[in-house]
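Good morning, and thank you for making time for this presentation. I would ask you to look at the structure first, and I shall then go through selected features.

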Amino acid sequence: MPRWPGAIAAGLVLCLTLGTLAAVSFRAEWSGGLSASDWAAVRFTVLQAAASAALSIIAAIPVARALARRRFRGRGVLITLMGAPFILPVIVAIIGLLAVFGRGGLLNSALSALGLPLVSIYGFQGVVLAHVFFNLPLAVRLILHGWLAIPAEQFRVAASLNMPVGRYLEWPMLRAVVPGVALAIFLICLTSFAVALTLGGGPKATTVELAIYQALRFEFDMATAARLAMIQFVICATAAGLAWLVTLPQDAGAGFDRVVQRWDGAGLALVWDVLALAGAMVLLLLPLGMVVQRGIAGLTLIPEDIWSAALRSLAVAVVSALLCSSLALALALRRGGVLAGISAVLPLAASGLMMGTGLFIMVWPFVDPAKLALPVTAMVNAAMALPFAYRALAPALEQIEAGFGRTADSLGMTGAARLRWLILPRMRRPLGFATGLAAAMSMGDLGVIALFARSDQETLPLAMFQLMGAYQMEAAAGVALILLTLSVGLFWLFDRGGRADA
C-alpha cells in the first residue's frame with residue numbers, strides 16, 4: 001500500500017494538535033507565569049484522574065472476574081451494555097447521575113426520609129463519580145479480555161493439582177493488564193472537560209481543561225491557556241511513557257479454545273460475584289433508566305428550536321465520523337510506522353479547546369471564524385476520537401495482512417486494487433464500529449462549540465447545557481432523551497452497516 005495517505009493524515013493530526021498550540025503560543029503575550037489558581041487546577045486534575053483510575057480499576061476487577069467465571073442467561077447482553085456509557089453523551093450521563101445522586105435525586109430522597117445528612121454530587125466527589133461511571137465499563141471490558149485469554153487447559157491443570165487459581169493464574173494476568181488499563185483511564189480523565197464544567201467548577205474543583213476554557217472564554221488570556229495546554233501535554237506524555245514502561249506482555253500460553261470450566265466459584269465466591277454484578281448493574285443502568293423516565297415527561301417542555309440544534313448535531317457528527325475513520329484508516333495502512341503511531345495517540349494529550357482556538361487564529365486572516373464554528377467543531381471532534389478508532393482498525397489490518405498478504409502479493413494486488421478487493425471488504429466490521437463510535441462521541445461533545453458558537457449555531461449538548469444553567473431541568477431531561485436516542489441510533493446505524501453481509 002502507498003504510504004502517502006498516512007503521511008497526509010499524520011500531517012493533518014500534527015497540525016491540529018501541535019500546530020494549533022504553536023499558533024496560540026505565537027499570538028499570546030507572554031508575561032508573568034501561572035497563578036496559584038492555575039497550579040491548583042493542575043493539582044486537582046492529577047488528583048481526580050488518579051482517584052478516578054484507581055476506583056475504576058478496584059471496582060472493575062471483581063466485576064470482570066465474575067463475568068469471566070460465570071455463565072448465565074443474559075451475560076452477553078450485560079457485556080454489551082458495558083459499552084453503553086462509553087458512547088453515551090457526557091451531558092446525558094450527568095443528567096442521569098443528577099437524577100440519582102443530585103440534591104433532589106433518589107439517594108438524597110432516601111437519606112432525607114431516614115433523617116440522615118444529604119450528600120453533594122458537586123466538586124471532587126462528583127467529578128470522580130462521573131468518571132468512574134464512564135470508565136468502569138471500559139476497565140471491565142479490557143480486564144475481561146485478559147481473563148478470557150487464559151487457556152482453559154491451565155484452569156484444568158490448576159484444579160487437578162489443587163493450585164490457588166488467583167495466585168498462579170489470575171495475579172500474573174492482572175499484573176500484565178491492569179497497569180496499562182489504569183494509565184489509559186488516567187489519560188482519559190486528565191483531559192475531561194464536560195464533567196468538570198457541569199459537576200466541578202469553583203476554585204477547588206477546576207481541571208486544566210476547564211481552566212483553559214475560562215482563560216479563553218472570560219479573559220481571552222491565550223498565554224495562560226497555552227501554558228496550561230503545554231503542562232497537560234507534559235503530564236499526558238509522562239503517563240503514556242509510564243504505561244509503556246510498566247505494561248508487561250500477557251503470555252498466557254496457547255490452548256485449544258475450549259470453554260473455560262471453573263471449580264473455584266462455589267460458596268462465598270458466588271456471593272461476591274453476585275454482589276459485584278448487581279452493584280455494577282445498579283451504577284450503570286439506574287442513571288440510564290432515570291434519563292429515559294424523566295426524558296419522556298420532559299419531551300412536551302422542550303423549546304421549538306431544539307430540532308434545528310438536533311440537525312446541526314447530526315451533520316457535525318456524520319462529517320466528524322467520516323473524517324475520523326478516514327484518518328484512522330490512512331494511519332493504519334502505514335502498518336506500525338512511528339509517525340502513524342505517534343499521530344494516532346497525540347490527540348489524547350491535546351486540548352480540544354486549544355485546537356479550536358488555534359484553528360480560529362489560523363483562518364482569521366481569510367474568513368470570519370464565527371462562520372466556521374461547526375466545521376471546526378467537526379474537525380476537532382474527529383481528532384479527539386482518532387485514538388479509539390485507530391485502535392479498532394490497526395489490529396484488524398494486521399490480521400488481514402498476516403492471513404492474506406502473501407496471496408495478494410503473489411497476485412500483484414497493490415494500491416487501490418488491494419484496498420478495494422482485500423482490505424475494505426474484510427475491515428467492514430471494525431470500520432463500521434470505529435465510525436459509529438466517532439459519530440456517537442461527536443454527537444455528545446460539549447467542547448469547542450461551547451467556546452465559539454453563536455446563538456444560531458448551538459448543538460444539542462450546548463442547548464441542553466444552557467437549559468440546565470437556566471434550571472429548566474425537565475426540559476433538559478427531554479433534550480437528553482433526544483440526544484441519547486440520536487447518539488445510540490447513529491452508533492447502531494454505522495456498526496450494523498459494517499456488520500451486515502460482511
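The largest nonpolar core has 162 residues, among which Val92, Ile143, Ile212, Leu460 and Met464 touch the most other members. By nonpolar core I mean a set of buried Ala, Val, Leu, Ile, Met, Phe, Trp, Tyr and Cys residues joined through side-chain atoms within 4.5 Å. Buried denotes under 20% relative accessible area, exposed over 50%, and partly exposed in between, with a 1.4 Å probe and protein chains only. Helix α17, residues 373–410, gives the most to this core, namely 16 residues. Helices here are DSSP runs of H or I with at least four residues, numbered from the N terminus.

This is a predicted model, in which local features need pLDDT of at least 70 and side-chain atom pairs count only at pLDDT 80 or more, while totals for chains, interfaces and linings use all residues. Residues are numbered from 1 along each chain as its sequence is written, and side-chain values use heavy atoms, with hydrogens and water left out.

The pLDDT, the predictor's confidence in each residue from 0 to 100, averages 82 over the protein chain, and 91% of the residues score at least 70. Among the elements, the lowest mean, 69, belongs to helix α8 (residues 152–160), and the highest, 92, to helix α14 (residues 306–332).

Returning to Val92: beyond its neighbours within four places in sequence, Val92 is in contact (heavy atoms within 4.5 Å) with Val291, Met464, Ala480, Leu483 and Leu484.

What of His131, buried or exposed? His131 lies in helix α7, residues 124–148, and counts as buried because its relative accessible area is 4%. Leaving aside neighbours within four places, the contacts of His131 include Gln48, Ser52, Cys189 and Val195.

I turn now to helix packing. The axes of α14 and α21 (residues 460–469) come within 8 Å and cross at roughly 140°. Axes are lines fitted to C-alpha atoms, for helices over the stretch in contact, and angles run from 0 to 180 degrees between N-to-C directions. The pair is therefore oblique, given that under 35 degrees is roughly parallel, over 145 roughly antiparallel, 65 to 115 roughly perpendicular and the rest oblique. Ile306, Ala309, Ala310 and Ser313 of α14 meet Leu460, Pro461 and Ala463 of α21.

Finally, Arg3 sits in the segment before α1 and, at 44% relative accessibility, is partly exposed. Arg3 and Leu331 are 328 residues apart in sequence, yet 8.7 Å apart in space, C-alpha to C-alpha.

Technical notes
Helix = DSSP H or I, 4+ residues; strand = E, 2+ residues; numbered from the N terminus.
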